Amino acid sequence: MMRIGGHFHSDHPLDAAVTSGARVAQFFLGDPQGWKGPVIPGGDPGALRDAYAAAGVDIYIHAPYVINVASTNNRIRIPSRKLLDQQLKAAASIGAKGLIVHGGHITADIDPAAGVANWVKAIEQIDRPLPLLIENTAGGNGAMARALDAIARLWEGISDAAGAAGPGNHDVGFCLDTCHANSAGIELADAVDRLKAITGRIDLVHCNNSRDEFGSGADRHANFDSGTIDPQALLDVVRAAGAPVVCETPEAGLAADISWLQERVNA
């Protein structure tokens with residue numbers, strides 16, 4: 001049975017997950033737009049881990065959006081590495097299956113190779129007590145993980161560094177966001193095959209419809225029944241990827257989106 005769930009903004013994500021029938025709960029450990037360190041809900045990592053295990057709900061943590069380890073700006077890159085390290089440790093303490101982080105970006109005047117090199121240094125220097133999942137992004141000319149060629153360039157750089165990591169370090173994996181891919185101009189019909197040819201894996205799917213047209217560069221998620229992407233195309237991606245799924249769609253229709261996928265994938 002494929003594990004399908006959602007991203008929950010509630011103060012009590014487990015309650016929201018159980019209510020919606022989710023088998024996966026993704027959430028933030030604090031302010032997604034801030035630089036403060038992670039906050040464990042309830043303050044007791046062991047109790048939180050045990051509660052989710054008892055409910056049969058897997059945890060995924062999304063790292064704050066501000067993290068950008070690719071940046072050549074020391075005042076962004078160095079705090080980003082520190083925060084990423086903190087997030088990895090906190091997520092591992094509550095038994096999360098993975099930590100999702102955006103690929104980051106560089107400015108227009110910087111060679112993309114510099115961004116890749118900064119990613120390599122982060123992979124080499126930061127311990128990974130659980131899988132680190134890099135997510136494709138929707139827009140930005142300097143984005144490290146938007147277009148397929150950019151993802152390939154990034155993956156070529158980090159794969160050797162990840163493979164050479166010391167004992168106890170988990171994999172660097174890939175999280176495919178369907179809204180982001182569509183907005184980046186990646187056709188969903190063969191996105192899974194093309195991405196697996198680059199990364200060799202898809203560890204998690206963020207299954208989201210989009211409010212915007214193909215190639216728009218916009219990151220605005222929509223529920224399955226109200227976006228510009230044919231829901232069948234989303235279903236095809238989920239089936240092809242064969243990975244756990246998190247729906248990050250608007251809260252009003254999130255439970256319906258989770259149910260819609262479960263009924264068709266796990267029938």
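This is a predicted model: local features need pLDDT of at least 70, side-chain atom pairs count only at pLDDT 80 or more; totals for chains, interfaces and linings use all residues.
**Note on salt bridges, barrel and a buried histidine**

1. Lysine 89 and aspartate 85 join their side chains in a salt bridge, with N to O at 3.2 Å. Both belong to helix H3 (residues 74-93). They sit four residues apart there, so about one helical turn separates them.

2. How many salt bridges does a search of the whole structure find? The count is six. The background is simple: side chains of opposite charge can pair when their charged atoms come close.

3. A second salt bridge pairs aspartate 171 with arginine 201, and their closest N and O atoms are 3.4 Å apart. Aspartate 171 lies in the loop between helix H5 (148-163) and strand E6 (172-177). Arginine 201 lies in the loop between helix H7 (191-199) and strand E7 (204-206). The pair therefore ties together parts that are 30 residues apart in sequence.

4. Arginine 264 and glutamate 263 form another salt bridge. Their closest N and O atoms are 3.6 Å apart. Arginine 264 is partly exposed, with 34% relative accessibility.

5. Now the sheet. Eight strands close into a barrel with parallel pairing. The order is E1-E2-E3-E4-E5-E6-E7-E10. On average, neighbouring strands of this sheet are turned by 25 degrees against each other, direction ignored.

6. E6 and E7 run parallel and are joined by three bridges. Opposite cysteine 175 stands leucine 204 of E7.

7. E1 and E10 run parallel, with three bridges between them. E1 also pairs in the parallel sense with strand E2 (residues 24-27), over three bridges. E1, helix H1 (residues 13-20) and E2 form a right-handed β-α-β unit.

8. Which helix lies across both E1 and E10? That is H9 (residues 254-265), lying across strand E1 (4-7) and strand E10 (245-247). H9 runs at about 160 degrees to E1.

9. Check both ends of helix H2 (residues 45-55). At the start, a side-chain oxygen of aspartate 44 comes to within 3.1 Å of the backbone nitrogen of glycine 46. After H2 comes glycine 56, with a positive phi near 70 degrees.

10. Histidine 62 belongs to strand E3 (residues 58-62). Histidine 62 is buried, at 2% relative accessibility. Its side chain makes a polar contact with the side chain of glutamate 135, at 3.2 Å. Leaving aside residues up to four places away in sequence, histidine 62 touches residues including His7, Gln26, His102, His206 and Glu248.

Key. Residues are numbered from 1 along each chain as its sequence is written. Side-chain values use heavy atoms; hydrogens and water are left out. A salt bridge is a side-chain nitrogen of Lys or Arg within 4 Å of a carboxyl oxygen of Asp or Glu. Helices (H or I, at least four residues) and strands (E, at least two) are DSSP runs, numbered from the N terminus. Buried means under 20% relative accessible area, exposed over 50%, partly exposed in between (1.4 Å probe, protein chains only). Two strands pair if DSSP finds at least two bridges between them. Axes are lines fitted to C-alpha atoms, for helices over the stretch in contact, and angles run from 0 to 180 degrees between N-to-C directions. Contact means heavy atoms within 4.5 Å. A crossover is right-handed if, with the strands pointing away from the viewer, the path from the first strand over the helix to the second runs clockwise. A polar contact is a pair of N or O atoms within 3.5 Å; within protein, one must be able to donate a hydrogen and the other to accept it, and residues adjacent in sequence count only if both atoms are side-chain atoms.
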